[in-house]
Amino acid sequence: MKKGMTDLKINGRASSAGGKYNAVIINGEGRIDGDLDCIKLKINGRCDINGNVKADSVDIYGTNSIKGNLEAEKAKIYGNADIEGNVSVDKAETYGSISVDGDCNAEVFKIEGTFAIEGLLNAGELELSLYGASKACEIGGENITVKRKGKSGFLGLKGMIQGKELTVETIEGDEIYLENTQAKVVRGNNIKIGPGCEIELVEYKNSLKQDEKAEIGTNKKI
Amino acid sequence: MEKDLISKKELLELTGISYGQLYRWKRKNLIPEEWFIKRSTFTGQETFFPKERILDRIEKIKNMKGELSLDDLANILSPNLTEITLESEKLVKRNIVSKTTLDFYTQKKGETEKYVFEKMLHLYILDKMFESGKINFEEGGIILNLLEDQYPKFKGKGGELLFLRKLGISSCCLVSSFCDIHFEESMKIIEKMNLSDLIEELKIKIA
């Protein structure tokens, strides 16, 4: 913590300009017009940020929108986040729904809930637990795990009506495990295609395991 | 400007690295975003890279990653300018810039005690051009002015410096990477320098 930097606190409903702060804490409803550069950002409630966000740690409980990029070491999001730029975080956890218009970069990324990422989702450790329809343009990384969570409803009807839960163009990684995923291409070293998957092309280097409830168009060993 | 492209698949086969490594290096900014070129093929979208540059870069990363952390490596490889400053004597002593070039610079821009990285880069480029014997001092002045006026706009993006000559009249320009540029026949490209490569070289030299 540097000296001379002040905190920004909003309790209730208020708006503020961006700037450099020590801690930014919003309880209630806030709006920030401009770029935000702070050590700690905590939102309880709702906040719309019209600019880029740079912070050491970000905690969001509630709803948040960012018009620019989000850059942080640690980010935890419980609720909703809507980010129009790129996201680059060391360690990120989201519980709820997140949408990103750009790319997502993280060393460790854990998502429980749903997500929509228009660009590339690039993470070292990626753990996706799906509770509903999600999509990404591309997914790349080292360890990629996609699991289906959420109750399947009466005789699995919910799953049948909603169809595949993750839709993605390509997935590329070293170790890949997928469930309920629809993809054009999956490439990697060790690939396990679990139940409910529909993959057009799988290219693997070492091993491929396919669940009996999964469909694979063609597979090639490289 | 680069015609030779290599597909991602071929690249991994050739270099023996895995998808995970490639994505990690991309995350760490060891491989610039603009090298990932998307093209549609009959199997859908595929990613291609400028062949020579990516092979060279991967070789470098492989060689250096034992000694340096990925973050340090990213620092060296990124086209962002660092904040190191060096005194003029040191530049000559460490063989970064020749005495002649330094004298030329002082003559044009006055005595400078400490050089920030950006100025060092200007000197370094000039020095290379003089050394190659392709330009004279007067032309060096043109290049120096171009770099000082226009280079800041390129910050963090690399780009190329072209030195041209037509019927004995010389000129130079800065272009961003990967744009196609065509000249009429009588225009000769005397020298082409890739700025990100030079920044990289210089960073290694002063490190």
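B:Asn29 counts as partly exposed, because 18 C-beta neighbours lie inside 10 Å. On the scale used here, a residue is buried if 20 or more other C-beta atoms lie within 10 Å of its own, exposed if 12 or fewer, and partly exposed in between, with C-beta atoms placed from the backbone. This is a predicted model, in which local features need pLDDT of at least 70 and side-chain atom pairs count only at pLDDT 80 or more, while totals for chains, interfaces and linings use all residues. Residues are numbered from 1 along each chain as its sequence is written, and chains are lettered from A and ligands numbered from 1 in the order in which they are written.

B:Asn29 sits in the loop between helix 2 and strand 2 (37-41) of chain B; helices (H or I, at least four residues) and strands (E, at least two) are DSSP runs numbered from the N terminus. Its phi is positive, about 65°, although B:Asn29 is not a glycine. Most residues other than glycine have a negative phi.

B:Leu167, also not a glycine, has a positive phi of about 45°. Its place is the loop between strand 6 (160-166) and strand 7 (169-175) of chain B. B:Leu167 counts as exposed, because it has 8 C-beta neighbours inside 10 Å.

I turn now to the contact between the chains. Nine residues of chain B and 15 residues of chain A take part, two residues being in contact if their C-beta atoms, placed from the backbone, lie within 7 Å. On the side of chain B that touches chain A, helix 2 (19-27) and strand 3 (44-50) of chain B each supply at least two residues. Helix 2 of chain B gives the largest share, six residues.
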